[in-house]
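Student: Please show me the structure. I would like to go through parts of it with you.

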Amino acid sequence: MIIHINGEKETIEASLTVTQLLAHKQVKMPDMVSVELNGDILERQFFDTTIINDGDAVEFLYFMGGGQV
Amino acid sequence: MNLNDEQVERYSRHIILQGVGGEGQEKLLAAKILIIGAGGLGAPVALYLAAAGVGTIGIIDADVVDISNLQRQVIHFTPDIGRPKVESAKEKMNAINPDVRVVTYNELFTKNNALDILANYDFVVDGTDSFSAKFLINDACVLAKKPFSHGGILRFDGQTMTHVPGTASYRCVFKEPPPANAVPTCSQAGVFGAVAGMLGTIQAAEAIRYIVGVGELLTNRLLIFDALRMRFRTVRVKPSELGIQGFRDSYDPPVCELRR
C-alpha cells in the first residue's frame with residue numbers, strides 16, 4: 001500500500017503499526033520523534049496499537065535542540 | 001512620520017518597501033522584543049533586529065563566549081572569548097544601530113523570573129538549546145499570552161514555528177520533553193554553522209513581520225528544513241486543548257552537561 005511519509009510517497013507492506021513503521025524506517029530513537037498521523041499528533045501511548053492505512057499521511061517530527069551553546 | 005532625517009536615510013529600504021513603509025518602521029522603533037539565548041540562533045536574530053531598528057531589545061543568557069561558539073555565533077568575535085555573551089552582543093548591536101536600547105539579563109531564564117521579564121516585551125524569540133528551556137519558554141509565553149518564535153537546530157536540520165495566542169504552541173507538537181539524553185544536542189552531535197544563520201534569520205523575519213503586521217506568520221505550521229539536501233517543507237499543526245494553567249513543578253535539567 002502507498003502512504004506518505006514526511007511528504008514523500010512510499011510503498012510499504014500492509015498493516016504496520018506506528019511502532020513497526022518507526023522500526024521499518026530505521027528510526028533509532030523513537031523517543032525523539034513526535035508522530036503526526038493525517039494532521040493530528042498521535043499520543044505516544046497509541047504508537048503500538050495504531051495501524052497505518054493505505055493513503056495515510058505520516059510525519060515524523062524530530063525534537064531539535066540547539067542554538068544557544 | 002516622526003522619523004528624523006538620519007532615520008529616514010537609515011531605514012530607507014524599509015520605508016520604500018510596500019508592506020513596511022514609514023508606518024511599519026515606526027512600529028519597529030516602538031517595539032520591544034526579547035531574545036532568549038545569545039548563541040547560534042540569538043546571534044543573527046539580535047543583529048537583524050538591531051539593524052531593523054527594533055526600539056527595545058532584551059537579551060538574556062547566563063553564558064560567557066567560548067572559542068567553540070565562534071563557528072556559528074556570529075555576533076561574538078575572537079576577542080570576546082570569556083566575556084558574558086549578553087555584553088558582547090549588546091556592544092555589536094549598539095555599534096550597528098545606536099537607535100536601539102539593548103537590555104541585558106546575564107542570568108538564566110527560569111520560572112521564577114519568566115513572567116516578570118516577559119511582561120516588558122511584545123514578542124519573544126526562543127534561541128535556546130535545551131528542551132527544559134524550550135518547554136519553559138512555551139509555557140511562560142502561553143501563560144503570559146505573549147507571541148513567540150520557536151527555533152531548533154541540530155546537525156544540518158532546522159525547525160521553527162510561531163505561536164500567537166490561540167494558535168498551536170510547541171506543546172501541541174511536542175507534548176513533553178524527551179527523556180534525558182534521548183536527543184543529542186549540538187555539543188554532542190554537531191551543527192552546521194550556516195544552519196544557525198538560516199534559522200535565526202527566519203525567526204528574525206517572523207518577529208519583524210509580527211510587529212509590522214505584514215504577511216502570513218508561521219502559525220499552525222512547523223517549518224522544517226534539511227540543509228544537507230536543501231529542502232524545506234511545512235507541516236500543518238493544530239492547536240490542541242492543552243489548557244496550560246501554570247508552570248510545571250519541574251522542568252527537566254538540560255539533557256547535556258558536557259563542556260561547551
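This is a predicted model: local features need pLDDT of at least 70, side-chain atom pairs count only at pLDDT 80 or more; totals for chains, interfaces and linings use all residues.

Student: How many bridges join β2(B) to β3(B)?

Tutor: Strand β2(B) covers residues 56-60, and β3(B) covers residues 101-105. The two run parallel. T56(B) stands opposite R101(B). The number of bridges is five.

Student: Which helix does the chain pass through from β2(B) to β3(B)?

Tutor: The path is a β-α-β crossover, and it is right-handed. The helix in it spans residues 85-96 of chain B. That is α5(B).

Student: Why are the buried residues of α3(B) on the same side?

Tutor: In α3(B), residues 21-30, the buried ones are G21(B), G22(B), G24(B), Q25(B) and L28(B). They share one side of the helix because the arc they cover around the axis is only 160°.

Student: Which residues are exposed on the other side of α3(B)?

Tutor: The buried residues have cover that includes α2(B), α4(B) and α10(B). On the other side, the exposed residues are E23(B) and A30(B).

Student: Is D139(B) buried or exposed?

Tutor: D139(B) sits in helix α7(B), residues 131-144. Its relative accessibility is 0%. Buried means under 20%, so D139(B) is buried.

Student: Which side chain makes a polar contact with that of D139(B)?

Tutor: Leaving out residues up to four places away in sequence, D139(B) touches I244(B), F247(B), R248(B) and Y251(B), among others. The polar contact is 2.7 Å, side chain to side chain. The partner is R171(B).

How values were computed. Residues are numbered from 1 along each chain as its sequence is written. Chains are lettered from A and ligands numbered from 1 in the order in which they are written. Side-chain values use heavy atoms; hydrogens and water are left out. Two strands pair if DSSP finds at least two bridges between them. Helices (H or I, at least four residues) and strands (E, at least two) are DSSP runs, numbered from the N terminus. A crossover is right-handed if, with the strands pointing away from the viewer, the path from the first strand over the helix to the second runs clockwise. Buried means under 20% relative accessible area, exposed over 50%, partly exposed in between (1.4 Å probe, protein chains only). A polar contact is a pair of N or O atoms within 3.5 Å; within protein, one must be able to donate a hydrogen and the other to accept it, and residues adjacent in sequence count only if both atoms are side-chain atoms. Contact means heavy atoms within 4.5 Å. The arc is that of the directions from the helix axis to the C-beta atoms.
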